[in-house]
Amino acid sequence: MDAALLAELVAFSGIETEFNDAWGNHTTVASADQLALLAAQGFNIADAAAARAELSERQLDFWQQILAPVSVQLQAEPLTFELQVPLALANSRFDFTLQTEQGTSYQFSAEPIDGELVQVAVIDDEEYQQYQHSLDYPLSTGYHTLTLTCSETGFSFEQRLIISPGKCYQPEQFKQQKQWGVSVQLYGLRSARNWGIGDFSDLSTLVAYLAAHGADFVGLNPIHALYPAMPESASPYSPSSRRWLNIIYIDVCAMPGYQQCSNTQRLVNAPAFAASVDAQRSRDWVDYSGVLQLKLPVMHSLYQWFVQHCGDEAHLAAEFTEFKREGGASLQQLALYDALHAFLIKQDSNYWGWPNWPEQYRDPQSDAVQQFAEDHQQQLDFYCYLQFIAQQQLKAVQQQAKTAGMLLGLYRDLAVGVSEASTEIWGNGDLYCRDASVGAPPDPLGPAGQNWGLPPMQPYQLFSQAYQPMIDLFRSNMQDAGALRIDHVMALLRLWWVPKTAANAGGGAYVYYPIMDLLGILALESQRQQAVIIGEDLGTVPDGIRELLADYGIYSYRVFFFETAPDGGYISPAHYPQQAMATLSTHDLPTLIGFWHCEDLKLGKQLGLYQDEQQLQGLYQQRHANKQQILDSLHGHGMLPADYPRSVDNLGMDRTLNYALQRHLAAGSSQLLCLQLEDWLEMTQPVNVPGTSDEYPNWRRKLSRELEQWTSEPHIQQLLTELTKARAG
């Protein structure tokens, strides 16, 4: 393939050929990697003529739409619309109807040539021109519809016209004081009453305790829908659907009919059942299969109770009916997937997901799938009911948090993608590139790069679908939450695509997304749901992006261990940006004790992550220096007693040092402070070890003590009092 055609294909596909890596070095993507990405996007790279024809076909798909499927604009700027026409239609008259979301309708006419010529393209020897026109109507923020018709030709086009406020939601109370809260892996909450996994009732208990001690939010791991038929696929960052909830978090004992249903009571009061619950409760690591084996039969029993008593529970039945109506095709598809998955995996335990199901089930529109849905209506309704119950229980916790005085309440986490086996890809395959995976280029945390196994969305398909998948995603994850953390927020601008043919994660390139459109939609949904947006802006961040995110009111994510000065010392939290959330650690990093005692390095060596002994010794030396710099900083800020040791030699992490670090961050300038329960409980083991799958039990480690125990401990209560005081200062 000649260089000119390659450059044209790469530019059309949004592939970035040059970038600055995590060390600041200018890097050029190898031609072979560019070609591999083009192949992943469906171009025939072995045949230049075929590739040229495919490019023309895709270009025509855009240029032959006189009105683009979607336009995102800022309310504060002059509103416009673009018409793209073949030269022969430049003088044609088009009629328009503008239907606002608020119900107002406007009619007008326009000829393309009367606007400003902004772009010209020649495809297959035919010229196309794009003209920009002013839209002189007062439009509120929201989702409007612009329809074009042509009496000469009889065709019509429809555009979703999205008007954005251009700024995400920020509460007025932010001007008065700073807020703090904690992050928790919901599955890891221990209690004397749960069934071996943290649930929404445990979350309610935690919210009540923290609200009473001055906290303004509780941050959750992603609680996206996973795979009920395959419980051990437990990573919250590899979900089946980011729109729906993980049913394992339902407190079965709080479901309607639990006390009244005799069959349910017979199940749960059986001695063997009670013994199994006790066994699950006592485990230090979540046994997802074991927990669901307890929960699902009881859930089925309570669903049957609901079906039999829905006449007596008219209010509940009406709410469920409305829930299904609002959930629409997406909810039905999730239910169909879960029911079909459960049916197939009973036949063959290797049926891990739709890509390896029998051929007739790989298309949700196939006759076999539709027949299955018809034959198993009640099973589909059961899975819809579980989503309904999960949302009801989550909503109740958020209402409780707000009533108790929390400013934000629940703070949710949006994963960067879905797994290849997901219902989202099953139902909307055109949107995703299944021949590539999202990941990260080499950086200090992952010298070989990272491959997360998540097929990326195709930018042009997203545009063609009028951004509906992103609208649904943002809206559903802001529901019943006061804040939303967007994992890897750089995904709004670009994602590192790794072709399946690449030898490793370094053999990829960045693919660009329409960031201004996505930011506009994010701001609109944030204002409508009144949810603060936090963007996890770690890793390789291009120049100017943090500033752009800040302009849109998105809060930066500042991790203490990463905030280092050029001299190697740690930046004082007093110098963090105000529009940020500060945290000491994350789910991908060691706990404070783990960091101080180098448990992450020891574990990494044990798991085979560090093959180079010299590199590992260098990391130990760097850690020792880091610890001394942290100790110096804490003493310099008066966070430790004057007689506390000033050398890290032979100094272990104790409660004094642990809590001093937390108070140090609490005294900083960032609007939001997020701490981790693990550090209050002085735990060592990590939640997740990046770069591992089977080597370490990721996403399973529970907290070391039950809620009922640690919430009564005076030293933790004293810490919370000090945090609240520091934040109010």
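Me: At what N to O distance do the side chains of Glu322 and Arg325 meet in a salt bridge?

Reply: The model is a predicted one. Glu322 and Arg325 both belong to helix α8 (residues 314-347), where they stand three residues apart, about one turn of the helix. Their side chains meet in a salt bridge, with an N to O distance of 2.7 Å.

Me: Is Arg325 buried or exposed?

Reply: A residue counts as exposed when its relative accessible area is over 50%. Arg325 has a relative accessible area of 57%, so the class for Arg325 is exposed.

Me: Which helix holds Asp381, the salt-bridge partner of Lys324?

Reply: The side chains of Asp381 and Lys324 form a salt bridge of 2.8 Å, N to O. Lys324 lies in helix α8, and the pair ties together parts that are 57 residues apart in sequence, because Asp381 lies in helix α10 (residues 377-403).

Me: Does Asp381 count as buried or exposed?

Reply: The limit for a buried residue is a relative accessible area under 20%. Lys324 has 25% and is partly exposed. Asp381 has 19% relative accessibility, and therefore counts as buried.

Me: How many residues apart are Asp472 and Arg243?

Reply: The side chains of Asp472 and Arg243 meet in a salt bridge at 3.5 Å, N to O. This pair links distant parts of the chain, with Asp472 in helix α13 (residues 468-478) and Arg243 in strand β15 (residues 241-245). Arg243 is partly exposed, at 22% relative accessible area.

Me: How many salt bridges does the structure hold?

Reply: Side chains of opposite charge can pair when their charged atoms come close. Some are linked in a network of salt bridges, formed by Arg193, Asp199, Asp202 and Asp251. For the structure, the number of salt bridges is 31.

Me: Why is the aromatic pair of Tyr460 and Phe463 given the class it has, and what is that class?

Reply: The search of the whole structure finds 43 aromatic pairs. In the pair of Tyr460 and Phe463, the ring centres are 6.0 Å apart and the planes make an angle of 35°. Planes under 30 degrees apart would count as stacked, and those over 60 as edge-to-face. The angle of 35° lies between these limits, so the pair is tilted.

Me: Which helix contains both Tyr460 and Phe463?

Reply: Tyr460 is partly exposed, with 28% relative accessible area, whereas Phe463 is buried at 15%. The two are three residues apart, about one turn of the helix, and that helix is α12 (residues 459-464).

Me: Over the ring of which residue does the charged end of Arg494 sit?

Reply: Arg485 lies over the face of Tyr557, at 4.8 Å from the ring centre. The charged end of Arg494 also sits over a ring, 3.6 Å from its centre, and that ring belongs to Tyr510.

Me: In which strand does Arg558 lie, and is the residue buried or exposed?

Reply: Arg558 touches several residues beyond its sequence neighbours, including Arg546, Glu563, Tyr576 and Met581. The strand that holds Arg558 is β23 (residues 556-559). Its relative accessibility is 12%, so Arg558 counts as buried.

Terms used:
Residues are numbered from 1 along each chain as its sequence is written. This is a predicted model: local features need pLDDT of at least 70, side-chain atom pairs count only at pLDDT 80 or more; totals for chains, interfaces and linings use all residues. Side-chain values use heavy atoms; hydrogens and water are left out. Helices (H or I, at least four residues) and strands (E, at least two) are DSSP runs, numbered from the N terminus. Buried means under 20% relative accessible area, exposed over 50%, partly exposed in between (1.4 Å probe, protein chains only). Contact means heavy atoms within 4.5 Å. Rings of Phe, Tyr and Trp (its six-membered ring) pair if their centres lie within 6.5 Å; planes under 30 degrees apart count as stacked, over 60 as edge-to-face and the rest as tilted. A charge sits over a ring if NZ of Lys or CZ of Arg is within 6 Å of the ring centre and within 35 degrees of the ring normal. A salt bridge is a side-chain nitrogen of Lys or Arg within 4 Å of a carboxyl oxygen of Asp or Glu. Lists of a residue's contacts leave out its neighbours within four places in sequence.
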